Amino acid sequence: MLWNTLLLALRSIRRNLLRSFLTILGVVIGVAAVITMVTLGNGATKAVSDQIASLGSNLLMVRPGQRFGPGSEDAAKFKAADAEAVRVQIAAIQAVAPVSNKNVTLVYQARNWSTMVTGSNNDYFLAGNWHLAAGRTFTEAEERAGKAVCVLGATVREKLFAGQNPVGSQIRVKQFACEVIGLLQSKGQSAMGSDQDDAVIMPLRTVQRRLTGSQDVGMLMVSVREGVSIDAAKEQLTLLLRERRKIAENEEDDFRVMDTRQIAETFTSTTRILTTLLGAVAAVSLLVGGIGIMNIMLVSVTERTREIGIRLAIGALEREVLMQFLIEAVVLSSLGGVIGIALAAAASMSLSGLMQVPYLFDPFINLASFLFSAAIGVIFGYFPARRAAQLDPIEALRHE
Amino acid sequence: MSQAAPAGPDDGALIRLNGITKTYGRGTAAFAALRGVDMRIDEGEFVAIMGPSGSGKSTVMNLLGCLDTPSGGSYQFRGVHVERLDRNQRALLRRHFLGFVFQGFNLLARTSALENVELPLLYRGEPASRRHAAAAQALASVGLTGWEHHSPAELSGGQQQRVAIARAIVTAPSVLLADEPTGNLDSKTSHEIMELIAALNRERGIAVLMVTHEPEMAGYAGRVIRFVDGRVASDQRNAPGPADGEDG
Ligand SMILES: Nc1ncnc2c1ncn2[C@@H]1O[C@H](COP(=O)(O)OP(=O)(O)O)[C@@H](O)[C@H]1O
Ligand SMILES: [Mg+2]
């Protein structure tokens, strides 16, 4: 009997191709959207944390102000002397790069390019894991005197010099000419979508004197010596900075030391929020798909009620009619779910290639959206039918 | 006479109605469509039900076909009290003993004639080979060989009613219930359908209960029951030798 009921269900699907197609489509769109969004979001999160981890586990970033505390905006900035003190007084630390940034327009001959200049020292290349493709880094004299020299990232070189070797050329930065002394190896796009090669690095003093006009340093990048405990280094660093910033014992830090794990968490929590958001948007489309299914089912309920009346009149049992409709709904929704999963796999693979994030198959979201779509199909396909099957046959037949 | 003695519990009657009532709606809107119907149909009889519109003919047919439930009275089918059966038991009664033909055909849309006729056999759980053979044979017996794979939309009204009759008889029912089977058909087609039904009654011994308002069609039956205002007003045997001919 089950076999015959299955046959009836399949006949009914074949007989109402348009309705079946629309039902499947509703499920396909919803399932594919949810899975694709969540998969891409997971990939982006993974890419960000991978990239930050690749900075090395020995990197610390120190910023003034507590991220969430009140009054963080007016916490005192660091000075170059703070960086110097850290390097000299803490043996566990191998490199300290004070960083100060400024947005400028660079000009070379007829070309110009707007970007952000980073003022720092040679430790910056060490801490940021940069390697030179050509030329050299700063000399001690250049750093001390704030000479107009710079090291370019691959993108800036491309924009200003096309394919030419920039080392030895002069570019204009605001009102002064700056000699290009080095070229960095390309690192490519960061996971957050920014171009890491869109970089110009000058001595800190050069940026402070000629661009920002202030002695402030926005951030310290600190590289901890190999084999030393990160936590111990953080503790020493914090103690030293509290002392230098004259923070009383009962007061809180007015700066924040973050290691790469914490940085990764900060960023991945952002992408995770994004993933959740995208997933929510996609879930809405799943819901809309479900409403589409409901619509189709309700519109067809008149015809189906008469059909149920006919089936009952020629001797079908209520449960046989219901089983048929249940199988029909399950077959359609599952088919839609399977197609949706396949479509999502194809879409997320090609999109993750395009976005340069890893493709991560998430079994939970695949299963969950499949079950959800199946449930929608079953609920909206089955319950109207159940109402009809409980009527006296003559009532179902009279249904207009 | 056909108005049977009410006493004998099982005296071979196919159908026996005693004091059947049916009231539609409730309260002030309540309407008594049947007001105490007594009726007896024997095996193999051909009975026509006539009467003015609204006199309760369809109502009684639906009750006999177990498509609807009476408000009161008793309905025995071969001695079984139908009013005491539950939904499933009534469905099984329809499945095994009753065939129903409607004025509006009531075929499944976009479904071939063969599949429509097969349907009752599917619910009986017959295997595919037997189903196909029986459905094809039923279609042949209503003169539709060669039309098996046409859907209702591709068939004329007369052909659709033939498919419906084939569907009703494919299970070899004990009784065929037909509510104005020729109501939607022209006169020539109506006579063809009546010939078919009369032949089924004659050759297979299927009892036929048929509602019609055309005396010509009632002429095929052996007996005519007249309804007025939800009651049986008269019950007469026809003189033998029905169908005074297509030439009229
Ligand atoms: N579902 C229903 N609800 C209310 N009244 C009905 C219903 N079906 C039939 N009736 C009424 O019952 C009476 C008998 O109807 P019916 O048996 O269809 O008559 P007919 O003899 O013309 O076939 C009519 O007055 C009709 O209006
Ligand atoms: Mg009627």
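Q: How far does a backbone N or O atom of B:Ser55 lie from an oxygen atom of ligand 1?
A: This is a predicted model, in which local features need pLDDT of at least 70, side-chain atom pairs count only at pLDDT 80 or more, and totals for chains, interfaces and linings use all residues; side-chain values use heavy atoms, with hydrogens and water left out. Residues are numbered from 1 along each chain as its sequence is written, while chains are lettered from A and ligands numbered from 1 in the order in which they are written. A polar contact is a pair of N or O atoms within 3.5 Å; within protein, one must be able to donate a hydrogen and the other to accept it, and residues adjacent in sequence count only if both atoms are side-chain atoms. For the backbone atom of B:Ser55 and the oxygen atom of ligand 1, the distance is 3.3 Å.

Q: What is the average pLDDT of chain B?
A: pLDDT is the predictor's confidence in each residue, from 0 to 100. It stays under 50 over residues 1-8 of chain B and over residues 242-248 of chain B. In chain B, 92% of the residues score at least 70, and the average is 90.

Q: Which element gives the largest share of the lining of the largest cavity?
A: On a 1 Å grid over the protein atoms alone, a cavity is a set of points where a 1.4 Å probe fits but cannot get out, and lining residues have an atom within 4 Å of a point. The largest cavity is lined by 15 residues, with A:Phe325 among those nearest its centre. Helices (H or I, at least four residues) are DSSP runs, numbered from the N terminus. The largest share of this lining, five residues, comes from α12(A).

Q: Which helix gives the most to the lining of the second largest cavity?
A: The lining of the second largest cavity includes A:Leu312 and A:Asp392, as well as B:Cys66 and B:Arg94. With five residues, the helix that gives the most is α2 (residues 87-97) of chain B.

Notes
Contact = heavy atoms within 4.5 Å. 1 Å grid on protein atoms, 1.4 Å probe; cavity = no way out; pocket = protein on both sides within 12 Å on 5 of 7 lines; lining within 4 Å. Helix = DSSP H or I, 4+ residues; strand = E, 2+ residues; numbered from the N terminus.
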